[in-house]
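Reader: I want to learn how to read a model like this one. Where should I start?

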Amino acid sequence: MPKVGVEPVRRQQLIDATIESVAQKGLQATTINSISKNAGMSSGIISHYFGGKQGLIEATVRYLLSNLKNDLISKVDENTTATQRLMFIVESNFALVQQRKDTTRTWLSFWAQSMHDKELHRLQNVNSKRLQSNLTVSFKQLMPLSQATLAAELTAAMIDGLWLRAVLSQSDENQFKHSESLAKNYVHSLIKQYGA
């Protein structure tokens, strides 16, 4: 009988091992065996906890999405202004964990696979809608709704584009900081342009 508390630890170890394997081999070449080897566990444990490779891949994407959400939540409180919240959203998308090579390669693999996988596509849509919604909530405190919706759409595209550019150029932390700064400046220009 397993010890109480072992399951969450093992599940996290398998998620970490999945990120490592995808970063090393890509999503298509990642197998149950490569994941279990990275985790130092038997391959049967993946089926036990996740129902198979697909369930583990989906859990890994949800884990990465949760990291994004939790980073933002940890920065915001009841005194946070709309402009501060917009800056925190940008910062969360360029946080150090989003810059790590294993994380960036995993995100890129998931994005590419989401075009061919219904569940990953659904999770990617959740991510996009969450970003758009978070941005819209803050922008609409600063401008009319129609402009807020447009500003959110433009900002989401800017964040994704700058992050992708930094990753594909295999940039260092300074380039990510520069990209974050560009995104923040863009947000300020939208507030200035559309703000009431």
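**Reading the fold, the rings and the voids**

Author: Start with burial: 43% of the 196 residues in the protein are buried. Keep in mind that this is a predicted model.

Reader: How many helices and strands does the protein have?

Author: Ten helices and zero strands. Along the sequence the pattern reads α-α-α-α-α-α-α-α-α-α. The C-alpha trace spans about 60 × 35 × 30 Å along its principal axes. Now look at the contacts. Among those with a separation of 6 or more, 67% join residues 24 or more positions apart.

Reader: Next, aromatic rings. How do I describe a pair?

Author: Two values do it: the distance of the centres and the angle of the planes. Here, a search of the whole structure finds two aromatic pairs. Tryptophan 107 and tryptophan 111 form a tilted pair, 6.3 Å centre to centre, with 45° between the planes.

Reader: Why are tryptophan 107 and tryptophan 111 separated by about one helical turn?

Author: The general idea first. An α-helix has 3.6 residues a turn, so residues three or four places apart point the same way. Now the case. Tryptophan 107 and tryptophan 111 are about one helical turn apart because they sit four residues apart in helix α7, residues 101–114.

Reader: Is tryptophan 107 buried or exposed?

Author: Tryptophan 107 counts as buried, at 3% relative accessibility. Tryptophan 111 is partly exposed, with a relative accessible area of 21%. The cut-off for buried is under 20%.

Reader: And the other pair?

Author: Tryptophan 111 and tryptophan 163 form it, in an edge-to-face arrangement. The centres are 5.3 Å apart, and the planes make 75°. Angles over 60 degrees count as edge-to-face. Tryptophan 111 lies in α7 and tryptophan 163 in helix α9 (residues 145–168), so the pair ties together parts 52 residues apart in sequence. Tryptophan 163 is buried, at a relative accessible area of 4%. Put together, Trp107, Trp111 and Trp163 form one aromatic cluster.

Reader: Let's follow α9. What is its reach from first C-alpha to last?

Author: It reaches 34 Å with 24 residues, close to the 34 Å expected at 1.5 Å a residue. Just after α9, glutamine 170 takes a positive phi of about 50°.

Reader: Which residues of α9 are buried?

Author: Ala148, Ala151, Ala152, Thr155, Ala156, Ile159, Leu162, Trp163, Ala166 and Val167. Their cover includes α5 (82–93), α6 (96–99), α7, α8 (118–139) and α10 (173–194).

Reader: Show me one of them close up.

Author: Take alanine 156, in helix α9. At 9% relative accessibility, alanine 156 counts as buried. Leaving aside neighbours within four places in sequence, alanine 156 is in contact with Leu131, Gln132 and Leu135. Compare two distances for alanine 156 and asparagine 134. They are 22 residues apart in sequence and 9.9 Å apart in space, C-alpha to C-alpha.

Reader: Now the voids. What is the volume of the largest pocket?

Author: About 300 Å³. Of the 20 residues that line the largest pocket, the closest to its centre are Leu68, Asn93, Asn127, Leu131 and Asp160. The elements giving two or more residues to that lining are α4 (53–75), α5, α7, α8 and α9.

Reader: Which element gives the most to the lining of the largest pocket?

Author: α8, with six residues. By type, the pocket lining divides into ten nonpolar, seven polar and three charged residues.

Reader: How many cavities of 30 Å³ or more does the search find?

Author: One. The largest cavity has a volume of about 60 Å³. Its lining is Val61, Leu65, Trp107, Phe110, Trp111, Ser114, Leu120, Leu123, Gln124 and Asn127. Here α4, α7 and α8 are the elements that give two or more residues.

Reader: And how does the cavity lining divide by residue type?

Author: Seven nonpolar, three polar and no charged residues.

Key:
Residues are numbered from 1 along each chain as its sequence is written. This is a predicted model: local features need pLDDT of at least 70, side-chain atom pairs count only at pLDDT 80 or more; totals for chains, interfaces and linings use all residues. Side-chain values use heavy atoms; hydrogens and water are left out. Rings of Phe, Tyr and Trp (its six-membered ring) pair if their centres lie within 6.5 Å; planes under 30 degrees apart count as stacked, over 60 as edge-to-face and the rest as tilted. Buried means under 20% relative accessible area, exposed over 50%, partly exposed in between (1.4 Å probe, protein chains only). The expected span of a helix is 1.5 Å times one less than its number of residues. Contact means heavy atoms within 4.5 Å. On a 1 Å grid over the protein atoms alone, a cavity is a set of points where a 1.4 Å probe fits but cannot get out, and a pocket is an open set with protein on both sides within 12 Å along at least five of seven lines; lining residues have an atom within 4 Å of a point. Grid points are joined across faces, edges and corners, and a volume is the space filled by probe spheres set on the points. Ala, Val, Leu, Ile, Met, Phe, Trp, Tyr, Cys and Pro count as nonpolar, Asp, Glu, Lys and Arg as charged, and the others, Gly among them, as polar.
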